Amino acid sequence: MARVLLKDLTKKFGTVTAVDKVNLEVRDKEFLVLVGPSGCGKTTALRCVAGLEEVSSGQVQIGDRVVNDVMPKDRDIAMVFQNYALYPHMNVYDNMAFGLRLRMLPLWYKGLFQMSEVRQTKGSIDRRVKDTAEMLGLTHLLKRRPKELSGGQRQRVALGRAIVREPAAFLMDEPLSNLDAKLRVQTRAELIKLHVRLGITTIYVTHDQVEAMTMGDRIAVMKDGLVQQCDRPLEIYNHPANLFVAGFIGSPEMNLLEATVKASNGDILVDAGSYQVNMPEKHKESLKPYVGKSVRFGIRPEDIYDKSISLIPAQPGNTIGVQVEITEPMGSSVLLELDPGDGKTLTANAGADTKARIGEPLEVVLDMSKAHIFDAETEEAVF
Ligand code: ATP
């Protein structure tokens, strides 16, 4: 097992800086997710760890070794890609055993193997393949070729091929993207179980923030080659470090509104144009320097309640009148698109028994203890 350390890792392609001085420690046995929009540099960062890209500057360390100049095959890592690239002419067993056999070849050629060692090695490869197949539910498929498998089964073979290597670290690049929605969710759960069981340090790349939230011990959110925030999923969800992270993590997205901070009768208010809400006592001090200034006010859809079924006591400072534009029943809840009177949209995730009807007025209660404020210039979170 090993930790992976990136120190000031930078990768440039001509004038494009794909990865910009990234510092990241992936702890031993940790499942770290690199997440971000297309082009943010997550695949390039992973390929630098794998040795598939030469770094422009900085260091990659796996375990105690700096591996900048170590060949990919000698880095003690195993990769699983979106495209599982199984050998079509080999059955499942051989696909899984192939890498292990290949590693033995140089020793064959050098004549270092005695016949007894050959038997032993063959035996150990056989055991590793069969144990892994058992663990992944592939035992009954060992004789089949890839074309005789479903997408999910193929992906499990690709995983098995990585697992039999018993690497120090797994590097996974969008490994579930080719699966349909249901299988994705299933395979996601299997991967989590597998990680708990094997405890192998894993770096997992995805653009899907739900995958990141559900799978990662920690998540590193990337944008423009930079790590914006790296922390435990709920910490990132509850305390996004900046406007980008706030908008990227969470579905439906956090409402982010232009507003002005005001002081009135000892209270601090946020004025969003067509309505004003009171900020809680705990945030007064941090908001004082912003009085009279523009900020971005953030509130997640699930922190906005239909007043008639609100879990939060309604008060003048947290209740606003809106017009219901769209209702989307999701079964367990109803997504509402609301117009507070300024033509801007507020999204709420209301309880399933909401009385909201399209085209009708509604009163909603904002849980202001969960509100966020971002500096309009720096885009950093005030809280
Ligand atoms: P995606 O989710 O779309 O795969 P990503 O976050 O993994 O995106 P990268 O593939 O790492 O992003 O790309 C980061 C940046 O580097 C992009 O601007 C991309 O165009 C650029 N880039 C990546 N590979 C190369 C290359 N071989 N040559 C030139 N530019 C590249």
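Tutor: Helices (H or I, at least four residues) and strands (E, at least two) are DSSP runs, numbered from the N terminus. Residue numbers run from 1 along each chain, as its sequence is written. The model is predicted, so local features need pLDDT of at least 70 and side-chain atom pairs count only at pLDDT 80 or more, while totals for chains, interfaces and linings use all residues.

Phi of Lys29 is near 70°, a positive value in a residue other than glycine. Lys29 is partly exposed, with 17 other C-beta atoms within 10 Å. On this scale a residue is buried if 20 or more other C-beta atoms lie within 10 Å of its own, exposed if 12 or fewer, and partly exposed in between, with C-beta atoms placed from the backbone. Lys21 also has a positive phi while not being glycine, with a value near 50°. Lys21 belongs to strand E2 and is partly exposed, having 15 other C-beta atoms within 10 Å.

Around the ligand are Phe13, Val16, Ala18, Gly36, Ser38, Gly39, Cys40, Gly41, Lys42, Thr43, Thr44 and His207. Strand E2 (16-26) and helix H1 (42-50) are the elements that give two or more residues to this shell. A residue is near a molecule or strand if its C-beta atom, placed from the backbone, lies within 6 Å of it. H1 supplies the largest share of the shell, 3 residues. By class, the shell holds 4 nonpolar, 7 polar and 1 charged residues. Here Ala, Val, Leu, Ile, Met, Phe, Trp, Tyr, Cys and Pro count as nonpolar, Asp, Glu, Lys and Arg as charged, and the others, Gly among them, as polar.

How many residues of H1 are buried? The number is 9 of its 9 residues, and H1 is mostly covered. Among the buried residues of H1 are Lys42, Thr43 and Thr44, and these three are also listed around the ligand. Just after H1, Gly51 takes a positive phi of about 90°.

E3 is one of 6 strands in an open sheet with the order E6-E7-E8-E3-E9-E10 and mixed pairing. Strand E6 (77-81) and strand E10 (226-231) stand at the edges, each with a single partner strand, so one side of each is left without a neighbour in the sheet. From one strand to the next, the twist averages 15°. Helix H4 (residues 151-163) packs on the sheet and touches E6 and E7, and its direction makes about 170° with that of E6. Contact requires C-beta atoms, placed from the backbone, within 7 Å. Axes are lines fitted to C-alpha atoms, for helices over the stretch in contact, and angles run from 0 to 180 degrees between N-to-C directions.

Within this sheet, strand E7 (residues 169-173) and strand E8 (residues 201-206) pair in the parallel sense over 5 bridges. Two strands pair if DSSP finds at least two bridges between them. One of these bridges joins Ala169 to Thr201 in E8.

Technical notes: Two residues are in contact if their C-beta atoms, placed from the backbone, lie within 7 Å.
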